[in-house]
Amino acid sequence: MNMKRILPILLTLVLGACSTQQQQKIQVPDTPASTTQTTQKTDTKVAAIPSAKPFVPAIPGIRVSSVSVPGNYVAITFDDGPSPALTPKVLDILKRHGAAATFFVLGDNASRNSSILARAAAEGHEIGNHTFSHINMKTTAREQVCSEISRTNSIIQAATGKRVRVMRPPYGSTNTELVNLMYNQYNLRSILWNVDTKDWQRPGVNVVVQRAVGSAKPGSIILLHDIHPSTLAAVEGIVTGLQARGFKLVTVSQLIEIGRRAAQAAEAPAAAVSGTQTLQAQQNGQGLPAAQDVQY
């Protein structure tokens, strides 16, 4: 009699235990699979969004090697020309791709190729002073330095009809005294660089392209020379490579003006909405100041 009462109870307990185990076998594998899938999606998303440095406003000085700008702007620069054989071909490439550049010319070369300067200026490029005969300004007498700067300024202005706003010391050789002299006496900013392709060493076209494109950052000033055939061969790759990275190529004075306007707007956040609109336009590549038609 007791067994008849106990047996149903035992059966109920056994069936209940089996049902619990089946439910656990179904549910337990789902949890790690779901967790793994979520982790993979998160990792992919993080990898797809690179971290970007925030824009830090800064008024450009009178000695400039790069500029703090609110968008993807860079300036490519060419020294030691113009070359009658190579510079026109550089201009052709720039025109084909809608890119602007700055040419730091030697007065000696410029005096014999004024038509190239006139074309470059007419097509929206900037012409800067690189002295008359590529002197080392730090080791040259002050009188000769001033003579070479004045003479080259006159040649550029006669060819382009525009005032010269920037200069580059040959070899990058300058000091505080010379920087102040250039600005106070000639109203010229001294322009250096922060991306050196070392193209004058002729390391090979691919190397020059890689150095220019791979090292560029917003506000970079890139150093090239339009007197070497190997540099000419690299120009198209540099321009298209930078544009593929999302950079807009502007003149040095445009780059400086973009940075100046952005810094001033940041210093007066409560100023008119137009300041914000200007920044947005610059970030979208709109409303750029015309080459050399800028105010400081």
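Student: Which residues point each way from strand 3, and are they buried or exposed?
Tutor: In a regular strand, the side chains alternate between the two faces of the sheet. In strand 3, A101, F103 and V105 point one way, T102 and F104 point the other way, and all are buried. Buried means under 20% relative accessible area, exposed means over 50%, and partly exposed is in between, using a 1.4 Å probe on protein chains only. Strands (E, at least two residues) and helices (H or I, at least four) are DSSP runs, numbered from the N terminus.

Student: Where do these values come from?
Tutor: This is a predicted model, where local features need pLDDT of at least 70 and side-chain atom pairs count only at pLDDT 80 or more, while totals for chains, interfaces and linings use all residues. Residues are numbered from 1 along each chain as its sequence is written, and side-chain values use heavy atoms, with hydrogens and water left out.

Student: Why is strand 3 called largely enclosed?
Tutor: Five of the five residues of strand 3 are buried, so the rest of the structure largely encloses it. Strand 2 is mostly covered as well, with seven of its seven residues buried. Y73, A75, T77 and D79 point one way from strand 2, and V74, I76 and F78 point the other way.

Student: How do I read which strands pair with strand 2?
Tutor: Two strands pair if DSSP finds at least two bridges between them. Strand 2 runs parallel to strand 3, joined by four bridges, and T77 has T102 as its bridge partner there. Strand 2 is also parallel to strand 8 (residues 221-225), with five bridges; in strand 8, T77 is partnered by L223. Two bridges join strand 2 to strand 9 (residues 248-249), again in parallel, and V74 has L249 as its partner in strand 9.

Student: Which residues of helix 3 are buried?
Tutor: In helix 3 (residues 87-96), T87, V90, L91, I93 and L94 are buried. Seen down the helix axis, these buried residues fall within an arc of 160° (taken from the directions from the axis to the C-beta atoms), so they line one face of the helix. On the other side of helix 3, K95 and R96 are exposed.

Student: Which residues touch the most other members of the largest nonpolar core?
Tutor: A nonpolar core is a set of buried Ala, Val, Leu, Ile, Met, Phe, Trp, Tyr and Cys residues joined through side-chain atoms within 4.5 Å. In the largest one, with 49 residues, I76, F103, M182 and L242 touch the most other members. A second, separate core of 14 residues includes V64, F104, V250 and I258.
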